Amino acid sequence: MALGEGNQSSVTTFILLGFSEYPNLQIPLFLVFLIIYTVTLVGNLGIIVVIRFNPKLHTPMYFFLSHLSFLDICYSSVFTPKLLEILVVEDRTISFKGCMVQFYFVCAFVITEMFMLAVMAYDRFVAVCNPLLYTVAMSQKLCALLVAGTYAWGGICSLTLTYSLLELSYCGPNVINHFGCEYSAILSLSCSDPYFSQMTCLVISTFNEVCSLLIILASYLFIVVTIVKMPSTGGLQKAFSTCASHLTAITIFHGIILLLYCVPNSKSSWLLVKVATVFFTVMIPMLNPLIYSLRNKDVKDTARKLIHTKLLSHSM
């Protein structure tokens, strides 16, 4: 028995097809994804450094934003290096264990980010609807508990989904029509009944999507009601500006998740799945720091000061 006592799998490695059906695009895609990944790392690390160095940004909103940037770095780094590798080398294999580890971490980070965005929506709700009680309501202890809860829940859900995949048998073929170990791509290779795994994924995915969206929608419903009641346009503009970046990030993140849910499971749809996954795992982590930094005066000012200080120290 090759992979343990839980199943009768004989497959020990998988072959990732990636975008091999477009041989002329391998190098251009490699360069594009490398640039995006570099921007992702620099942008998200930059956000974390800026928040750490500016005491003015030591607030719950920026505490959650720094964790969002950390999550973007993590799940982009689980998928993108392997994607870059298979674009330039002939050996496109990944071990069975490596595949399951990749799936576990991507799944854990994505679910954690899903609820981190929901926590950030709740934070905006408290800030706009109860500004006088904001520092009391969003205490350091509560913020730490909310963050720890999102990480723990992401890990538990991912562990459950990974276990459901490990219970299946994989006896060939071993070719994954994807650039990474995405759930539906792994499931398509199983030679045993996938009902339990499919139901587990359906229940967990639906519960997480519905719960996170309900928290976000409820928070923004109260925010809209509060903004409408504001007598001054200045207060309205300030309240809207604090939520605009977050709403943009939520729309992109959940929009692509829902697109992936709606894609039919057929051979003709695999290209759409791969393109949507590229947006999800490669593009979104790059966009988040751009969304938050370009619309945020405090972040931009701190970044300028840090760059100016570094340049002065090097020139002297």
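These are my notebook entries on what I looked up in this structure.

**Ground rules**

I am working with a predicted model, in which local features need pLDDT of at least 70, side-chain atom pairs count only at pLDDT 80 or more, and totals for chains, interfaces and linings use all residues. I number residues from 1 along each chain as its sequence is written, and side-chain values use heavy atoms, with hydrogens and water left out.

**Confidence**

I looked up pLDDT, the predictor's confidence in each residue, from 0 to 100. The chain has a mean of 84, and 84% of its residues reach 70 or more. Which helix has the highest confidence, and which the lowest? Helix 5 is highest, at 96, and helix 10 (residues 297-315) is lowest, at a mean of 64. I also noted residues 1-6, where pLDDT stays under 50. For that stretch the model has 10 contacts beyond four places in sequence. A contact means heavy atoms within 4.5 Å.

**Overall layout**

I counted helices and strands as DSSP runs, numbered from the N terminus: helices are H or I with at least four residues, strands are E with at least two. The chain has 10 helices and three strands. From the N terminus on, I read the order as β-α-α-β-α-α-α-β-α-α-α-α-α.

Next came burial. I call a residue buried under 20% relative accessible area, exposed over 50%, and partly exposed in between (1.4 Å probe, protein chains only). Of the 316 residues in the chain, 45% are buried. Residues 24 or more positions apart account for 80% of them.

**Disulfides**

How many disulfides does the structure hold? I found two. The term covers a pair of cysteine sulfur atoms within 2.5 Å.

Cys-99 is in helix 3 (residues 96-129), while Cys-181 is in the loop between strand 3 (175-176) and helix 6 (183-187). The two are 82 residues apart, so I logged this as a link between distant parts of the chain. Both Cys-99 and Cys-181 are buried. The link is left-handed, with -125° about the S-S bond.

Another disulfide joins Cys-171 to Cys-191, again at 2.0 Å from S to S. Cys-171 sits in the loop between helix 5 (140-166) and strand 3, and Cys-191 in the loop between helix 6 and helix 7 (195-229), so this pair ties together parts 20 residues apart in sequence. Are these cysteines buried or partly exposed? Cys-171 is partly exposed, at 45% relative accessibility. Cys-191 is partly exposed too, at 38%.

I numbered the bonded cysteines in sequence order and got the pairing 1-3, 2-4. Cys-74 is buried at a relative accessible area of 15%. Cys-143 is buried at 3%.

I checked lengths against the expected span, which is 1.5 Å times one less than the number of residues. Helix 2 (residues 60-88) has 29 residues and should span 42 Å; its end C-alpha atoms are 42 Å apart, which agrees. Where does helix 2 kink? A kink of about 35° lies at Ser-77, shortly before Pro-81. The bend at a residue is the angle between axes fitted to the seven residues ending there and the seven starting there. Helix 2 is mostly covered, with 21 of its 29 residues buried.

Helix 3 has 34 residues and reaches 50 Å from first C-alpha to last, close to the 50 Å expected. Of its 34 residues, 26 are buried, so helix 3 is largely enclosed by the rest of the structure.

**Single residues**

Arg-124 lies in helix 3. Arg-124 is buried, at 7% relative accessibility. Its side chain makes a polar contact with the side chain of Tyr-134, at 3.5 Å. A polar contact is a pair of N or O atoms within 3.5 Å; within protein, one must be able to donate a hydrogen and the other to accept it, and residues adjacent in sequence count only if both atoms are side-chain atoms.

Gln-26 is in helix 1 (residues 26-53). Gln-26 is buried, at 8%. Not counting residues up to four places away in sequence, I listed its contacts as Phe-19, Ser-20, Ile-86, Leu-87 and Arg-92.

Ser-139 lies in the loop between helix 4 (134-137) and helix 5. Ser-139 is partly exposed, at 27% relative accessibility.
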